[in-house]
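Let's walk through this structure together, one part at a time. Please keep the model open beside the text as you read.

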Amino acid sequence: MSVIARIAVQVFKESVRDKVLYNLVLFAVLLIAASYLIGQLTAGQDVKIIKDLGLAATQIFGLFIAVFIGIGLVSKEVERRSIYGLLAKPVRRHELILGKYAGLVLTLAVNVSVMAVALYAVLGYMSWVETEEFRQSWDASATDPAMLTAILLIFVQLMLVTAIALFFSTFSSPILSAVLTFGLFVVGHFNADLRNFEGVVDSPVAASLARALYYALPNLAPFDVKAQVVHGHAVPFGYVAATSAYAAAYICALLLAAMLIFSRRDFK
Amino acid sequence: MARYAIRLTELTKDYPTGFWRPRPVRALDQVSLDVEPGEVLGYLGPNGSGKTTTLKLLMQLIYPTSGRAEILGRPAGDIEAKRRLGYLPELPYFYDNLTAEELLVYFGGLFGLAPAVARTRASTLLDRVGIGAERRRRLRRYSKGMLQRVGIAQALVNDPEVVFLDEPMSGLDPVGRRDTRELIQSLRGEGRTVFFSSHILSDAEALCTRVAIMVKGRLVSTGRLADLAFEVQGWELVVSGGERGDLAGLGLDAVTTTVSDGRHVIELPFDRPPDQVLPELSRLRFQVVSLTPRHESLEDYFMRLVASRQEPAA
C-alpha cells in the first residue's frame, strides 16, 4: 500500500472512531420521521417532498462533514504538533495532503452511499404501501434511478468543498478556514449572478472585477439538480460529465495550491 | 558510508516577528557541528537557545535561512535519510483515537513494513519502553509520561541508525527518567547514533560521549566531557587518625563529616587549598587517605557559560 493510501485509511479510521458516521443514524431518523409526518399532511406530494428532503439532507450532512473534518485535517495536525512525528517518517509533504484528501473523500463516499441506501429504502417502503392508482399520479417512480445522478453530483460537489476546506486549512486557523469555506459555499451558489453583474453596472472596472470573480470563485449551482430529478426531468449525461470535469479541474487546482503552500511552510 | 552521521554546516535560522513590519529574529546562528556514527551527543542549552530549532531543521519541519543540515550524508528532509532515522519530538502528541499498538503499526506501515512485521515490532518496542496492557487503550487516556514512552517507541519503529530525541526526559517521573536513561544507554550499546537535546544536565553527564552547548542560538562549546574546561571548585580530602576536635581548631569542623572506621571527609573550599592545610593536619597526626579535586558540575559549567553570554545590565 502506498504512503498516500495508508494516510487515507488512517483518516477514515479516525473519522469512524470520532463517531462521524453517527450522523447517519440522525439522517435515518430524520428521514423516517419526516416521511411519516408528511404522509399524514399531504396527498400525492409526499414522495416528492421526501426526495427533496432526503437529497437536501444528504448535501447538508455531507457539507458539515466536509467542512468540519476538512478544516481539521491539516490544521489540527499542526496545532497539536502530531505533524512533527508524521513528517519525520518517509512521507513527502504533498503525499500527506493527498492522503488526507483521499481519506476524507472515502469517508464522504461511505456516508453518502449509506444515505442513498436509506433514502431509497424509505421511498421504496412508501411506494410499497401506496395503491397503484396513487403511484400513477407521481411524476417519477419513488425509487427513480435518476436520483442517483443528483446524489452523484452532490458527492462531486462535496469533493470540491473538501478541497476548499483543505486548501484553507494549510495556511489558516480552523475557525477562519471554516468561515472561509462556508463563505465560498454560499457565494458559490450565487456565482451566476456575478455574470449578470456587467449588464447592470456602467463601470467597466466593476464589470471586469465581477467577471474575474465569476471565473475565480467556484460555481456550485450547477451541481444542484434536485429539482429536476424530483420532478422527473432527465439530466443529460453530457451535463453530468461537464460539471464533474469542472469540479475535477477546480479540485486539482486547489490541491496543487494546497501542496505548494504546505511544502514551503515552516512548522514553528 | 557517510563519514558523519549528522553534519551541520553554518546552519542559520531567522524567524520573522511583527505583523506590519516583520523583522527577523535569529533563532540559530551559524551552527556547525559534526556527529560521528555511534556517538551519543548531548545537545544542551537553556530554553530558547535553539535546540528544538536545530532538531526541526534536521527533520525539515522548518527550512534554514542559510547553511546546511545533513543526515547520513544526505540533505535533511531526504526520504532515504528519513527511512534511517527516528525522531521523538518535544512533548509528543499523537492521534487521540488510536491505541499505542495501532500508532506503531501505522507508522511502521509508512516505512513499508508489512502489517505482521509492524505488529511484532510494535509489541517488542512497547515492551521495551514499559507500556504493558495499556497498549490497547486509546492514546487520549495516556498520561504525559506514557505518551513520552510511546513517543520513544515510535522513534524506533524502523530500527533507525540515527535517533533524535528532543528533551526525552521531560514529563517523566524519576522511574521514567531512569528507564529512558537505560534505554539511551542500550541504543548506544547497539551502535546507534543518538542526538538528544536536554536541559537536564545530570542526564547528559551520565549518557553522553560528547556534548555541544548552545547559548542564545550559538554553539558555544563542544567536546568530550572529560576535555571540557571544568573549574576546580575545591577538594575532597579523606584523612584518618587524629582527633575530630582538632579539626575544629583548624576551622574545618563545619566542612567535615566523620564516616565509619574513624575516617573524616573534609570538603576543602577553593580558598583553603590542600598545601595550606596538609602541614597542620600532619602535625596533628592525621594521615591522608585520599585527595581528590572537586570540579564544577556540568550544570555549574553550563551556568557559567550562560552568565558570560548575558548582556551586562543597563
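Helix H9 (residues 274-283) of chain B lies across S11, strand S13 (263-269) and S14 of chain B, and runs at about 15 degrees to S11(B). Contact here means heavy atoms within 4.5 Å; helices (H or I, at least four residues) and strands (E, at least two) are DSSP runs, numbered from the N terminus. Axes are lines fitted to C-alpha atoms, for helices over the stretch in contact, and angles run from 0 to 180 degrees between N-to-C directions. This is a predicted model, in which local features need pLDDT of at least 70 and side-chain atom pairs count only at pLDDT 80 or more, while totals for chains, interfaces and linings use all residues. Residues are numbered from 1 along each chain as its sequence is written, chains are lettered from A and ligands numbered from 1 in the order in which they are written, and side-chain values use heavy atoms, with hydrogens and water left out.

Now to the sheet itself. In chain B, four strands make an open sheet with antiparallel pairing, in the order S12-S13-S11-S14; two strands pair if DSSP finds at least two bridges between them. Strand S12 (256-258) and strand S14 (287-295) of chain B each have a single partner strand, so one side of each is left without a neighbour in the sheet. On average, neighbouring strands of this sheet are turned by 15 degrees against each other, direction ignored. Eight bridges join strand S11 (residues 232-240) of chain B to S14(B), and Val238(B) stands opposite Ser290(B) in S14(B).

Next, look at helix H1 (residues 51-58) of chain B. Seven of its eight residues are buried, so this helix is largely enclosed by the rest of the structure; buried means under 20% relative accessible area, exposed over 50%, and partly exposed in between (1.4 Å probe, protein chains only). Among the buried residues of H1(B) are Lys51(B), Leu55(B) and Leu58(B). Just after H1(B), Gln60(B) takes a positive phi of about 55 degrees.

Which residue meets Lys51(B) in a salt bridge? The partner is Glu167(B), at 3.7 Å from N to O, where a salt bridge is a side-chain nitrogen of Lys or Arg within 4 Å of a carboxyl oxygen of Asp or Glu. The pair links distant parts of the chain, 116 residues apart, with Glu167(B) in the loop between strand S7 (162-166) and helix H6 (174-189) of chain B. Lys51(B) is buried at 5% relative accessible area, and Glu167(B) is buried at 3%. Another salt bridge joins Arg128(B) and Glu190(B), with the closest N and O atoms 2.8 Å apart. Here Arg128(B) is partly exposed at 33%, as is Glu190(B) at 42%.

Finally, turn to where the two chains meet. The contact takes 32 residues from chain B and 28 residues from chain A. Together the chains bury about 2,900 Å², 55% of it on carbon and sulfur atoms; buried area is the accessible area (1.4 Å probe) that two parts lose on being put together, summed over both. Leu61(B), Tyr95(B) and Leu110(B) supply 22% of the area that chain B buries against chain A, more than any other three residues. Three salt bridges cross this interface. Asp266(A) forms a salt bridge with Lys13(B), the closest N and O atoms being 2.5 Å apart.
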